[in-house]
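Good morning, and thank you for making time for this presentation.

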Amino acid sequence: MRNVLFKKKIELSEKNGVKMINGSVQFQAVYLNVHCFEVDGILIDTGSASLLKQFKPFFEQMDVDRIMLTHYHEDHSGGAHFLQKAYKLQIFMHPLNIEECRKKASYPLYRKLFWGARLPFLAQPVGDSFSSRTTNWKVIETPGHTEDHVAYLNESTGQLFTGDLYVTPKTKVVLREESIPQIIRSLEKVLTYDFLEVYCNHAGYIENGRDALMRKLHYLKELSYK
């Protein structure tokens, strides 16, 4: 029944050395999507369990040494169990929810209907920096969407991978665990770094990423003021 009601599709693209897959799940007028990114031997986030069948051909073709998660949410970590089991890949994330991810996931039914049930996986704590095959990366703690949220900055290219820090220009829905004041502080923090391009796990590639994040920051400040 679920396969009939929920429409799924993927789109593949590549921009400036970053391979992207965008998977979407639609139920009537409700449309949700999520990206993951392959760059310089790393995979940033893994998509959802509900899209695993659609993502597997992308995973089969990728050439990566490790997985870097931006946060623990099921649409970003849903493929982690499969990838760890099938490809023996190490997974790195903020230490705050490593133990949470070792257990059966618990989250609302509506999220399970769209994103599936995330299976347990083992992760290691990410530090404040790491090296991929040819470059160094900065790990930027950006809490607000979740407490364990991080962004990844490629220090050679200036490409910033923001997880769910951006998502949309104007915030429409706030999850119970989200903190708008924290998101504001995290936006202010990333804007102190040198970058132009942004790769968002929902909006995808944003060419003028710095401008987009600045507009988001101004919108949230204005919303808070009102």
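This is a predicted model: local features need pLDDT of at least 70, side-chain atom pairs count only at pLDDT 80 or more; totals for chains, interfaces and linings use all residues.

Seven strands form an open sheet with mixed pairing, in the order β1-β2-β3-β4-β5-β6-β7. The edges are taken by β1 (7-15) and β7 (124-125); each has a single partner strand, so one side of each is left without a neighbour in the sheet. Between β1 and β2 (residues 18-27) the pairing is antiparallel and runs over nine bridges. One point of reference is K9, whose bridge partner in β2 is S24. Helix α2 (residues 52-61) lies across β1, β2, β3 (30-39) and β4 (42-44), and runs at about 175 degrees to β2.

Which residues touch the most other members of the largest nonpolar core? They are L43, F59, M93 and F121, in a core of 27 residues. Two or more residues each come from β2, β3, α2, α4 (80-87), β6 (90-93), α5 (98-101) and α6 (109-115). Helix α2 gives the largest share, four residues. As for F59, its contacts beyond four places in sequence are C36, L43, T46, L52, F82, L83 and Y87. There is also a second, separate core of 20 residues, with I140, A151, I206 and L213 among its members.

I turn now to the other sheet. Six strands make up this open sheet, ordered β8-β9-β10-β11-β12-β13, again with mixed pairing. Here β8 (129-131) and β13 stand at the edges with a single partner strand each, so one side of each has no neighbour in the sheet. On average, neighbouring strands are turned by 25 degrees against each other, direction ignored. Helix α8 (residues 209-225) packs on this sheet and touches β11, β12 and β13, its direction making about 60 degrees with that of β12.

Within this sheet, I would draw your attention to β11. Why can strand β11 (residues 159-163) be called largely enclosed by the rest of the structure? Five of its five residues are buried, so the strand is largely enclosed. The burial covers both faces: Q159, F161 and G163 lie on one side, L160 and T162 on the other. On the β10 side, β11 pairs with β10 (residues 150-154) in the antiparallel sense over three bridges. Y152 stands opposite F161 there, and L153 has L160 as its bridge partner. The hairpin of these two strands has four residues between them, and G158 takes a positive phi near 75 degrees. With β12, in contrast, β11 runs parallel, joined by three bridges; F161 stands opposite Y199 in that strand.

F161 also brings us to the aromatic residues. The structure holds 12 aromatic pairs. In one of them, the rings of F37 and F161 have centres 5.5 Å apart and planes at 65 degrees; an angle over 60 counts as edge-to-face, so this pair is edge-to-face. Because F37 belongs to β3 and F161 to β11, the pair ties together parts that are 124 residues apart in sequence. F37 is buried, with a relative accessible area of 0%, and F161 is likewise buried at 0%. Another edge-to-face pair is that of F55 and F59, at 6.0 Å centre to centre with 65 degrees between the planes. Both lie in helix α2, four residues apart, or about one turn of the helix. Ring pairs also link F37, F130, W137, Y152, F161, Y199 and Y205 into a cluster.

I close with the two individual residues. N201 lies in the loop between β12 (198-200) and β13 (204-206). Is N201 buried or exposed? Its relative accessibility is 0%, so N201 counts as buried. Its side chain makes a polar contact of 3.1 Å with the side chain of D45. Beyond four places in sequence, N201 touches residues including F37, H76 and D164.

L5, by contrast, is partly exposed, with a relative accessible area of 40%. This residue lies in helix α1 (residues 2-5) and, beyond four places in sequence, touches Q26 and F27. The C-alpha atoms of L5 and I180 are separated by 33 Å.

Technical notes:
Residues are numbered from 1 along each chain as its sequence is written. Side-chain values use heavy atoms; hydrogens and water are left out. Buried means under 20% relative accessible area, exposed over 50%, partly exposed in between (1.4 Å probe, protein chains only). A polar contact is a pair of N or O atoms within 3.5 Å; within protein, one must be able to donate a hydrogen and the other to accept it, and residues adjacent in sequence count only if both atoms are side-chain atoms. Contact means heavy atoms within 4.5 Å. Two strands pair if DSSP finds at least two bridges between them. Axes are lines fitted to C-alpha atoms, for helices over the stretch in contact, and angles run from 0 to 180 degrees between N-to-C directions. A nonpolar core is a set of buried Ala, Val, Leu, Ile, Met, Phe, Trp, Tyr and Cys residues joined through side-chain atoms within 4.5 Å. Rings of Phe, Tyr and Trp (its six-membered ring) pair if their centres lie within 6.5 Å; planes under 30 degrees apart count as stacked, over 60 as edge-to-face and the rest as tilted.
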